[in-house]
Amino acid sequence: MLKKILIAIVCTVIASAALYAVTMSHPAGFKVTYPDEWTKMIEGNDLKIMSPDAKAVMLFRVIEINSIPEAIQGLESEVKKIITKPKFEHKPQPVKLNNLPGLLSDGSGIIKGIKAKWLVGLFIREKNGLMVLGFANAEAFPAHEETLKGIINSISEK
């Protein structure tokens with residue numbers, strides 16, 4: 001199933017590349033592209049972009065990591081800080097995205113009292129891990145899923 005998700009991510013980016021207009025560089029050495037109609041917000045050390053209907057959010061957080069096993073543990077720990085009772089549909093799987101090693105997973109849980117579905121990636125560059133958590137309330141998720149996948153797939157080195 002996760003392989004199907006990965007294939008869908010690649011196909012989504014190819015099909016929707018024209019929809020993305022804003023490319024942003026993250027200080028940790030990553031670059032990401034997202035739809036120009038999404039709103040960018042900075043909250044502490046987190047960067048968030050939100051869909052125009054405010055039902056989907058992509059959160060970017062840098063965490064320090066040294067290895068893939070440490071990344072898996074760090075990813076699960078970070079997800080639990082945001083999502084109450086997270087249910088990982090698939091265990092984090094190693095991937096290579098735009099020459100960046102990383103992990104991808106998906107799941108469901110409660111975010112601020114609302115049932116949500118989510119996609120998460122952790123991409124590694126030197127000792128920095130960029131956690132990317134895309135989520136939406138469970139009812140709105142299908143409408144935003146392809147865009148969230150496209151944003152994740154756009155991540156590369158700066």
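## Fold, cores and pocket

From the N terminus on, the order of elements in the protein is α-β-β-β-β-β-α-β-β-β-β-α-β, a total of three helices and 10 strands. Helices (H or I, at least four residues) and strands (E, at least two) are DSSP runs, numbered from the N terminus. The model is predicted: local features need pLDDT of at least 70 and side-chain atom pairs count only at pLDDT 80 or more, whereas totals for chains, interfaces and linings use all residues. Residues are numbered from 1 along each chain as its sequence is written, and side-chain values use heavy atoms, with hydrogens and water left out.

The protein has 158 residues, of which 49% count as buried; buried means under 20% relative accessible area, exposed over 50% and partly exposed in between (1.4 Å probe, protein chains only). Among contacts (heavy atoms within 4.5 Å) with a separation of 6 or more, 50% join residues 24 or more positions apart.

A nonpolar core is a set of buried Ala, Val, Leu, Ile, Met, Phe, Trp, Tyr and Cys residues joined through side-chain atoms within 4.5 Å. The largest such core has 25 residues, and those with the most contacts inside it include Met 58, Phe 60 and Phe 123.

| Element | Residues |
|---|---|
| Strand 2 | 30-35 |
| Strand 4 | 46-50 |
| Strand 5 | 56-64 |
| Strand 6 | 84-97 |
| Strand 7 | 100-111 |
| Strand 8 | 114-125 |
| Strand 9 | 128-137 |
| Helix 3 | 141-153 |

Helix 3 gives the largest share of this core, four residues. Leaving aside neighbours within four places in sequence, Met 58 is in contact with residues including Trp 38, Leu 47, Val 132, Leu 148 and Ile 151. A second, separate core of 19 residues includes Leu 59, Leu 75, Ile 83 and Trp 118.

Strand 3 (residues 39-43) pairs with strand 4 in the antiparallel sense over five bridges; pairing requires at least two DSSP bridges between two strands. Glu 43 has Asp 46 in strand 4 as its bridge partner. Two residues lie between the strands of this hairpin, where Gly 44 takes a positive phi near 65°.

The lining of the largest pocket comprises 12 nonpolar, one polar and four charged residues. Strand 3, strand 4, strand 5, strand 8 and strand 9 each give two or more residues to this lining.

Notes
Ala, Val, Leu, Ile, Met, Phe, Trp, Tyr, Cys and Pro count as nonpolar, Asp, Glu, Lys and Arg as charged, and the others, Gly among them, as polar.
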